[in-house]
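Here is a short briefing to read alongside the model. Take a look at the sequence and structure first, then follow the points below.

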Amino acid sequence: MLRLLLICGVSLTQALDNGLALTPPMGWLTWQRYRCLTDCTTYPDECISEKLIKRTADMLVDEGYLEAGYDYIGIDDCWMEKNRSASGKLVPDRERFPSGMKMLGKYVHSKGLKFGIYQDYGTKTCAGYPGVMGHEQTDVDTLVSWGVDYIKLDGCYSKPEEMKTGYPDFGRMLNKTGRPVLYSCSWPAYLEPDSILPNYTVIAENCNLWRNWDDIEDSWQSLLGIMNWFGDNQERLAPFAGPGHWNDPDMLLVGNYGLSLDQARVQMAVWAVLAAPLLISADLARMRPEFKEILLNRDIIAVNQDPLGKQGLRVYNDSKHHRQIWTRKLSDNSYAVAFVSTRVDGVPYAVSFSHGDMKIPAQNYRVQDLYNEEEDRKLGADETFTTRINPTGVKFFKFIPVGQSEEDFKDPEEHTLKNVNFNTDNDLDKTVVVV
Ligand code: GLA
């Protein structure tokens, strides 16, 4: 029984029973790139509008993003009229969404995508549009009647005490409609910055994902700040991630203005290790091919989407030498290991690490470079692993256990696990039961 408990892990909790997000959600969301641009006269291609959503939906499909797994398209804040209708309903902006949300939902569904929308649990959204407070049931009914599949419920203009009942109640109302709606709660993001400890057990029972911390901005500094916060707080966050419920470090910046190619690779690698939702927020029409390649990297997406759903950890953090290692255990007993350099100057430096530094069992491995720059190589049980990392860059590898013989190293597809003894006395192997 104990064994069963350990295998099932957090799924034994009364998790939100909508069958969704068994792996971290993937998709596209307006906020990071398009913010609250509402002036369609000056910025016809960038304002929050049905045109932007339809155009992006087309590109998600035509450019291969949907095929790679990015299947949600979400409108963040600033889609509404400033006032509710006479009967108290939410009204989409009449100029920018002339066909209405039901039609837009139909369009999105016709492309094989799922439809996401933003609301806020408080009296107003963060940008000052009507919030759901006092109108919860009406809004749930309205959003569901539009065919919404994903709701990001923000937490501006509400108090911690109100959120405590408000978020679970709203989730229950969604469940009662019978429509499976992915439920993203920004609840802890309104507690953590004020040093109020969120009850993640309850949050994981009620939400499919939750923003834990501040908004990401389009810069290396912001990305690093978020990585460091998640690393510093991992012991109390990571146990709550698992199939159906995920920590959310915020949107991907990849393809925007603020990150270099190396830095964008860092975010994709660390988000894969963190089992983070992969929400692109960039102009797909202006996506440079090398950034698109990062977003569509199948091997890295596979790490992010690994069915075990175990959030990885920052297992090594040498701030003096600006080096971090992030390791995630995968369902096939392999390990995804990201070596990050946070140096902002210099040249690529060679670094060497032991199995212990990487927190992987002392075994033989075939090592696969997930960014495909290096040939596969082998690592013996007693060897150290050396790699070169660019400044503010990453090397991201999969360590696949193999047996002792040369053949095991040579034949990637048919490597055998027969001689491998797993060291279960390893932090990354422990599954924490949350009850
Ligand atoms: C908050 C959220 C952001 C975005 C904006 C919209 O700041 O954290 O992700 O939704 O509100 O106003």
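In this predicted model, helix 6 (residues 136-145) and helix 7 (residues 160-176) cross at roughly 40 degrees, and their axes come within 10 Å. Angles under 35 degrees count as roughly parallel, and helix 6 and helix 7 are therefore oblique to each other.

**Helix 6 and helix 7**
- The crossing of helix 6 with helix 7 is right-handed.
- On the helix 6 side, the contact is made by Glu-136, Gln-137, Val-140 and Val-144, while helix 7 brings Phe-170, Met-173 and Leu-174.
- Sorted by class, the residues of this contact are five nonpolar, one polar and one charged.

**Helix 9 and helix 11**
- Helix 9 (residues 220-232) packs with helix 11 (residues 261-273) at an angle of about 20 degrees, and their axes are 11 Å apart.
- Helix 9 and helix 11 are therefore roughly parallel to each other, and their crossing is left-handed.
- Trp-220, Leu-223, Ile-226 and Met-227 of helix 9 meet Gln-263, Val-266, Gln-267, Val-270 and Trp-271 of helix 11.
- The contact of helix 9 with helix 11 has seven nonpolar and two polar residues, with no charged ones.

**Around the ligand**
- Residues surrounding the ligand include Trp-31, Asp-76, Tyr-118, Cys-126, Ala-127, Lys-152 and Asp-215.
- Asp-77, Asp-154 and Arg-211 also belong to these surroundings.
- In the side chain of Asp-77, an N or O atom is 2.7 Å from an oxygen atom of the ligand.
- For Asp-154, a polar side-chain atom lies 2.9 Å from a ligand oxygen atom.
- Arg-211 has a side-chain N or O atom 3.2 Å from an oxygen atom of the ligand.

Definitions and conventions. Residues numbered from 1 in each chain as written. Predicted model: local features only at pLDDT ≥ 70, side-chain atom pairs only at ≥ 80, totals over all residues. Heavy atoms only, no water. Axes fitted to C-alpha atoms, helices over the stretch in contact; angles between N-to-C directions. Helix = DSSP H or I, 4+ residues; strand = E, 2+ residues; numbered from the N terminus. Parallel < 35°, antiparallel > 145°, perpendicular 65-115°, else oblique. Left-handed = near helix turned anticlockwise from the far one by under 90°. Contact = heavy atoms within 4.5 Å. Nonpolar A, V, L, I, M, F, W, Y, C, P; charged D, E, K, R; others polar. Near = heavy atom within 4 Å. Polar contact = N/O pair within 3.5 Å; in protein donor to acceptor, adjacent residues only side chain to side chain.
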